[in-house]
Amino acid sequence: MRTCWPSTGAGRGCGILSGMKRITLWGLVFALVGLAQTANPVPAVRKAAFAKDVATAERLVREYRAQKPEVTPQLLEAMSWVARGASFAKQWDTAEKYAQEVYEASGVLLKDRALDADNSLPLALGAAIEVLAAVQDARGDRGGAVTFLRKHRAVFAGKSIETRIQKNINLLTLEGKPAPEIAAQDWVGAKGKSLAELKGKVVLAFFWAHWCGDCKRQMPDLAKLHEAYASRGLVVVGPTQLYGYISRGKDATPAEELAYLRGDYQKMHPLPEWMAAPVSGENFLKFGVSTTPTLMLVDRKGTVRLYYPGTLSYEELAGRVERLLGT
């Protein structure tokens, strides 16, 4: 077998074969470049959004649209991240522009498909509604933003984005108001007390999920808080809900998932005795827990003083707990 190098000018037959190989190779290169250009843009746009690099996020979406101009749920999800990134950077005009386009395009797509038929469309529309409300609030119309959100919660009741919309309602309205009661259909571990029974205590509610890595990483901070402040009146409550599956994503009935939480999960990730864990999907809708963990601090009078979707450092939480325990 002869090996032909393109630069040697070897015999005709070898040159033709070499030329064919080069054509095939360049075809593969161009195909891969095209694939890269039309690949899912969401991860890169999301990364730019979290970095508040709005210019890069916009450029990535423009490049993707140049390769694939049709409106798809994936495109709308990428555009919704531009809107979110602009809101993070407080570039409200840009945020509104992209959110409004996503909102209107989603309405067109919803004429002939279900919202939850795929993952991208509800993520895109939920983000658009979130950003449009944030724009309204940033411009001084909190009442209008809340009305807008409540209208859309009613429209999308029972859909995947209902909880996300409620989260945004809570972000604008819950702090400073009496804490809604935490429901408890079942418990992991011993039964705890209701919020009404805990008046006079400072309560930290930690809404968690068994699949949530951030929740597990937050637990050592909760343990430190309990050790430092339980004697002064801090109580930690850990509401969770059932998701329809257990470890490795295996489908499970409610009874099977509850048994998993009380059994195998407890063996792998033991819940502390000092944290009562009520189990109810009602809580996650009422408290807008589309982000896990979600943290809520309630003062001795039963008033919400912090509502925060996400994790917080021990230092941040300890400072807030100190202030509430001192009142």
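Tutor: The axes of H4 and H5 cross at roughly 155° and come within 8 Å of each other. An angle over 145 degrees counts as roughly antiparallel, so H4 is roughly antiparallel to H5. The crossing of H4 past H5 is left-handed. This is a predicted model, and the values quoted here are computed from it.

The contact between the two helices involves Pro73, Leu76, Met79, Ser80, Val82, Ala83, Ala86 and Ser87 on the H4 side. On the H5 side it involves Trp92, Thr94, Ala95, Tyr98, Ala99, Glu101, Val102, Ala105, Ser106 and Leu109.

Ser87 is one of the H4 residues in that list. Its relative accessible area is 13%, and the limit for buried is under 20%, so Ser87 is buried. Not counting residues up to four places away in sequence, Ser87 touches Trp92, Ala95 and Val131.

Next, the core. The largest nonpolar core has 42 residues, and Val45, Leu76 and Ile129 touch the most other members. Helices H2 (42-50), H3 (54-67), H4 (73-88), H5 (92-109), H6 (120-138), H7 (142-155) and H8 (162-173) each give two or more residues to this core. H6 supplies the largest share, nine residues. A second, separate core of 34 residues includes Leu204, Trp208, Leu234 and Leu261. In soluble globular proteins, nonpolar side chains tend to be buried together.

Val45 leads back to H2, where Val42, Val45, Ala48 and Ala49 are buried. Viewed down the axis of H2, the buried residues fall within an arc of 130°, so they line one face of the helix. The face turned away from that buried side carries Lys47 and Phe50, which are exposed. For Val45, leaving aside neighbours within four places in sequence, the contacts are Ala57, Leu60, Val61, Ala78, Trp81 and Val82. Val82 is also among the H4 residues that meet H5. Just after H2, Lys52 takes a positive phi of about 60°.

Note on methods
Residues are numbered from 1 along each chain as its sequence is written. This is a predicted model: local features need pLDDT of at least 70, side-chain atom pairs count only at pLDDT 80 or more; totals for chains, interfaces and linings use all residues. Side-chain values use heavy atoms; hydrogens and water are left out. A nonpolar core is a set of buried Ala, Val, Leu, Ile, Met, Phe, Trp, Tyr and Cys residues joined through side-chain atoms within 4.5 Å. Buried means under 20% relative accessible area, exposed over 50%, partly exposed in between (1.4 Å probe, protein chains only). Helices (H or I, at least four residues) and strands (E, at least two) are DSSP runs, numbered from the N terminus. Contact means heavy atoms within 4.5 Å. The arc is that of the directions from the helix axis to the C-beta atoms. Axes are lines fitted to C-alpha atoms, for helices over the stretch in contact, and angles run from 0 to 180 degrees between N-to-C directions. Angles under 35 degrees count as roughly parallel, over 145 as roughly antiparallel, 65 to 115 as roughly perpendicular and the rest as oblique. A crossing is left-handed if the near helix is turned anticlockwise from the far one by less than a right angle, and right-handed if clockwise.
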